[in-house]
Amino acid sequence: MMLYPNIMNIKKSNFAMKILIGISIVIIFVCVLINELVTPQLKWSFLVVLGIVYVWITTLYSIQKNVNIASHVWVQTIVMLVFLYLIDKIVGYKGWSINIGMPIVIGVANITMLILTIVSRRKYFKYSFYQMLLSLVSIIVIVLLMLKAKYRIISVSITSGIAVVTLMLSIILCGKDLKEKIYRMFHI
(Lines give C-alpha, C1' and ligand atoms only; values in the text may rest on other atoms or scores of the structure.)
Protein backbone atom coordinates (compact mmCIF):
# COMPACT_ATOMS: atom_id res chain seq x y z
CA MET A 1 0.00 0.00 0.00
CA MET A 2 1.36 3.39 -1.02
CA LEU A 3 1.23 6.39 1.28
CA TYR A 4 1.59 9.00 -1.45
CA PRO A 5 -0.15 9.20 -4.80
CA ASN A 6 1.65 7.97 -7.85
CA ILE A 7 2.69 11.13 -9.72
CA MET A 8 2.82 10.94 -13.48
CA ASN A 9 6.08 11.87 -15.15
CA ILE A 10 5.63 15.23 -16.93
CA LYS A 11 8.18 14.39 -19.64
CA LYS A 12 6.37 11.16 -20.49
CA SER A 13 2.96 12.87 -20.63
CA ASN A 14 4.31 15.72 -22.81
CA PHE A 15 5.94 13.17 -25.12
CA ALA A 16 2.64 11.24 -25.35
CA MET A 17 0.76 14.46 -26.19
CA LYS A 18 3.28 15.31 -28.92
CA ILE A 19 2.89 11.83 -30.42
CA LEU A 20 -0.93 12.11 -30.36
CA ILE A 21 -0.84 15.57 -31.94
CA GLY A 22 1.51 14.23 -34.61
CA ILE A 23 -0.83 11.31 -35.31
CA SER A 24 -3.76 13.74 -35.56
CA ILE A 25 -1.88 15.91 -38.05
CA VAL A 26 -0.94 12.87 -40.15
CA ILE A 27 -4.56 11.65 -40.15
CA ILE A 28 -5.78 15.10 -41.23
CA PHE A 29 -3.14 15.31 -43.98
CA VAL A 30 -3.88 11.80 -45.28
CA CYS A 31 -7.65 12.38 -45.28
CA VAL A 32 -7.38 15.72 -47.09
CA LEU A 33 -4.99 14.17 -49.64
CA ILE A 34 -7.25 11.15 -50.26
CA ASN A 35 -10.27 13.45 -50.48
CA GLU A 36 -8.62 15.68 -53.08
CA LEU A 37 -7.35 12.73 -55.14
CA VAL A 38 -10.43 10.50 -55.04
CA THR A 39 -13.53 12.66 -54.51
CA PRO A 40 -12.66 16.37 -54.84
CA GLN A 41 -16.32 17.32 -55.43
CA LEU A 42 -17.34 16.09 -51.93
CA LYS A 43 -15.36 17.66 -49.08
CA TRP A 44 -15.79 14.83 -46.53
CA SER A 45 -12.25 15.39 -45.19
CA PHE A 46 -13.47 18.55 -43.46
CA LEU A 47 -15.75 16.37 -41.35
CA VAL A 48 -12.69 14.42 -40.23
CA VAL A 49 -10.86 17.66 -39.45
CA LEU A 50 -13.83 18.96 -37.43
CA GLY A 51 -14.03 15.68 -35.55
CA ILE A 52 -10.34 15.75 -34.64
CA VAL A 53 -10.52 19.42 -33.59
CA TYR A 54 -13.59 18.63 -31.45
CA VAL A 55 -11.79 15.74 -29.76
CA TRP A 56 -8.77 17.94 -29.00
CA ILE A 57 -10.90 20.79 -27.62
CA THR A 58 -12.73 18.32 -25.40
CA THR A 59 -9.56 16.57 -24.29
CA LEU A 60 -7.57 19.70 -23.52
CA TYR A 61 -10.45 21.32 -21.65
CA SER A 62 -11.21 18.13 -19.72
CA ILE A 63 -7.69 17.63 -18.39
CA GLN A 64 -7.55 21.12 -16.91
CA LYS A 65 -7.57 21.20 -13.12
CA ASN A 66 -10.27 22.89 -11.04
CA VAL A 67 -12.88 23.08 -13.76
CA ASN A 68 -16.36 22.20 -12.58
CA ILE A 69 -18.77 19.92 -14.39
CA ALA A 70 -21.15 22.72 -15.33
CA SER A 71 -18.43 24.56 -17.22
CA HIS A 72 -17.70 21.32 -19.12
CA VAL A 73 -21.36 21.11 -20.11
CA TRP A 74 -21.33 24.78 -21.12
CA VAL A 75 -18.21 24.48 -23.29
CA GLN A 76 -19.40 21.21 -24.85
CA THR A 77 -22.76 22.78 -25.70
CA ILE A 78 -21.25 25.83 -27.39
CA VAL A 79 -18.66 23.78 -29.30
CA MET A 80 -21.28 21.24 -30.36
CA LEU A 81 -23.67 23.95 -31.61
CA VAL A 82 -20.92 25.54 -33.71
CA PHE A 83 -19.71 22.19 -35.04
CA LEU A 84 -23.22 21.00 -35.93
CA TYR A 85 -23.75 24.13 -37.97
CA LEU A 86 -20.34 23.77 -39.68
CA ILE A 87 -20.96 20.11 -40.49
CA ASP A 88 -24.35 21.00 -41.96
CA LYS A 89 -22.71 23.70 -44.09
CA ILE A 90 -19.97 21.31 -45.30
CA VAL A 91 -22.48 18.61 -46.21
CA GLY A 92 -24.57 21.07 -48.20
CA TYR A 93 -26.77 22.84 -45.64
CA LYS A 94 -29.97 20.89 -45.55
CA GLY A 95 -31.03 22.64 -42.35
CA TRP A 96 -30.95 19.55 -40.13
CA SER A 97 -28.50 21.21 -37.73
CA ILE A 98 -30.91 24.06 -37.04
CA ASN A 99 -34.12 22.04 -37.16
CA ILE A 100 -33.03 18.93 -35.29
CA GLY A 101 -29.44 19.02 -34.01
CA MET A 102 -29.38 22.32 -32.15
CA PRO A 103 -32.71 21.84 -30.35
CA ILE A 104 -31.62 18.39 -29.17
CA VAL A 105 -28.23 19.65 -27.94
CA ILE A 106 -29.82 22.61 -26.16
CA GLY A 107 -32.53 20.46 -24.58
CA VAL A 108 -30.07 17.86 -23.31
CA ALA A 109 -27.71 20.56 -21.99
CA ASN A 110 -30.55 22.30 -20.13
CA ILE A 111 -31.70 19.05 -18.54
CA THR A 112 -28.10 18.18 -17.61
CA MET A 113 -27.61 21.56 -15.94
CA LEU A 114 -30.88 21.18 -14.04
CA ILE A 115 -29.81 17.74 -12.78
CA LEU A 116 -26.44 19.18 -11.70
CA THR A 117 -28.22 21.99 -9.88
CA ILE A 118 -30.57 19.59 -8.08
CA VAL A 119 -27.84 17.10 -7.17
CA SER A 120 -25.51 19.75 -5.73
CA ARG A 121 -27.71 20.69 -2.80
CA ARG A 122 -25.14 22.77 -0.95
CA LYS A 123 -23.77 24.91 -3.75
CA TYR A 124 -26.60 25.63 -6.15
CA PHE A 125 -24.97 28.81 -7.39
CA LYS A 126 -21.96 26.96 -8.75
CA TYR A 127 -24.19 25.40 -11.41
CA SER A 128 -26.98 27.95 -11.60
CA PHE A 129 -24.68 30.56 -13.17
CA TYR A 130 -24.00 28.21 -16.08
CA GLN A 131 -27.71 27.35 -16.17
CA MET A 132 -28.45 31.05 -16.65
CA LEU A 133 -25.86 31.33 -19.44
CA LEU A 134 -27.25 28.23 -21.12
CA SER A 135 -30.78 29.58 -20.85
CA LEU A 136 -29.64 32.81 -22.47
CA VAL A 137 -28.04 30.88 -25.35
CA SER A 138 -31.17 28.72 -25.60
CA ILE A 139 -33.38 31.78 -25.91
CA ILE A 140 -31.08 33.32 -28.55
CA VAL A 141 -31.06 30.10 -30.59
CA ILE A 142 -34.83 29.70 -30.23
CA VAL A 143 -35.37 33.28 -31.48
CA LEU A 144 -33.04 32.58 -34.41
CA LEU A 145 -34.96 29.39 -35.17
CA MET A 146 -38.25 31.28 -35.15
CA LEU A 147 -36.85 33.91 -37.52
CA LYS A 148 -35.95 31.23 -40.08
CA ALA A 149 -38.61 30.47 -42.65
CA LYS A 150 -38.11 26.71 -42.42
CA TYR A 151 -38.17 25.59 -38.80
CA ARG A 152 -39.91 22.76 -37.08
CA ILE A 153 -42.44 24.04 -34.61
CA ILE A 154 -42.34 20.85 -32.52
CA SER A 155 -38.58 20.89 -31.90
CA VAL A 156 -38.60 24.64 -31.16
CA SER A 157 -41.59 24.27 -28.81
CA ILE A 158 -40.01 21.39 -26.89
CA THR A 159 -36.64 23.16 -26.64
CA SER A 160 -38.17 26.45 -25.51
CA GLY A 161 -40.32 24.60 -22.98
CA ILE A 162 -37.31 22.79 -21.55
CA ALA A 163 -35.29 26.02 -21.41
CA VAL A 164 -38.06 27.93 -19.61
CA VAL A 165 -38.83 25.12 -17.14
CA THR A 166 -35.17 24.51 -16.26
CA LEU A 167 -34.53 28.23 -15.86
CA MET A 168 -37.55 28.61 -13.57
CA LEU A 169 -36.58 25.58 -11.49
CA SER A 170 -33.04 26.86 -11.21
CA ILE A 171 -34.31 30.25 -10.02
CA ILE A 172 -36.66 28.58 -7.54
CA LEU A 173 -33.92 26.30 -6.19
CA CYS A 174 -31.22 28.92 -5.82
CA GLY A 175 -32.84 32.32 -6.28
CA LYS A 176 -31.83 33.63 -2.86
CA ASP A 177 -28.18 32.52 -3.21
CA LEU A 178 -28.10 33.85 -6.75
CA LYS A 179 -29.47 37.23 -5.69
CA GLU A 180 -26.89 37.54 -2.88
CA LYS A 181 -24.06 36.54 -5.20
CA ILE A 182 -25.12 39.09 -7.84
CA TYR A 183 -25.31 41.81 -5.19
CA ARG A 184 -21.80 40.93 -4.02
CA MET A 185 -20.41 40.77 -7.55
CA PHE A 186 -21.80 44.12 -8.64
CA HIS A 187 -21.55 45.83 -5.21
CA ILE A 188 -25.24 46.71 -5.15
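Contact means heavy atoms within 4.5 Å. The exercises below use a predicted model.

**Exercise 1.** Find where Asn-35 lies and which residues it is in contact with, leaving aside neighbours within four places in sequence.

Solution.
- Step 1: Asn-35 belongs to helix α1, residues 10-38.
- Step 2: With neighbours within four places in sequence left aside, Asn-35 is in contact with Pro-40, Leu-42, Lys-43, Trp-44 and Ser-45.
- Step 3: The relative accessible area of Asn-35 is 0%. Buried means under 20%, so Asn-35 is buried.

**Exercise 2.** State how many salt bridges a search of the whole structure finds, and describe the residues involved.

Solution.
- Step 1: The search finds 1 salt bridge.
- Step 2: Glu-36 and Lys-43 form the salt bridge, and their closest N and O atoms are 2.7 Å apart. The cut-off for a salt bridge is 4 Å.
- Step 3: Glu-36 has a relative accessible area of 39% and is partly exposed. Lys-43, at 29%, is also partly exposed.

**Exercise 3.** Describe how helix α3 and helix α4 pack.

Solution.
- Step 1: Two packed helices are described by the angle between their axes and the distance between the axes.
- Step 2: For α3 (residues 69-91) and α4 (residues 96-119), the angle is about 175° and the axes are 10 Å apart.
- Step 3: Angles over 145 degrees count as roughly antiparallel, so α3 and α4 are roughly antiparallel to each other.
- Step 4: Residues making the contact include Trp-74, Leu-81 and Asp-88 of α3 and Trp-96, Gly-101 and Leu-116 of α4.
- Step 5: Sorted by class, this contact has 17 nonpolar, 4 polar and 1 charged residues.

Terms used
Residues numbered from 1 in each chain as written. Predicted model: local features only at pLDDT ≥ 70, side-chain atom pairs only at ≥ 80, totals over all residues. Heavy atoms only, no water. Salt bridge = Lys/Arg side-chain N within 4 Å of Asp/Glu carboxyl O. Buried < 20%, exposed > 50% of the residue type's maximum accessible area, 1.4 Å probe, protein only. Axes fitted to C-alpha atoms, helices over the stretch in contact; angles between N-to-C directions. Helix = DSSP H or I, 4+ residues; strand = E, 2+ residues; numbered from the N terminus. Parallel < 35°, antiparallel > 145°, perpendicular 65-115°, else oblique. Nonpolar A, V, L, I, M, F, W, Y, C, P; charged D, E, K, R; others polar.
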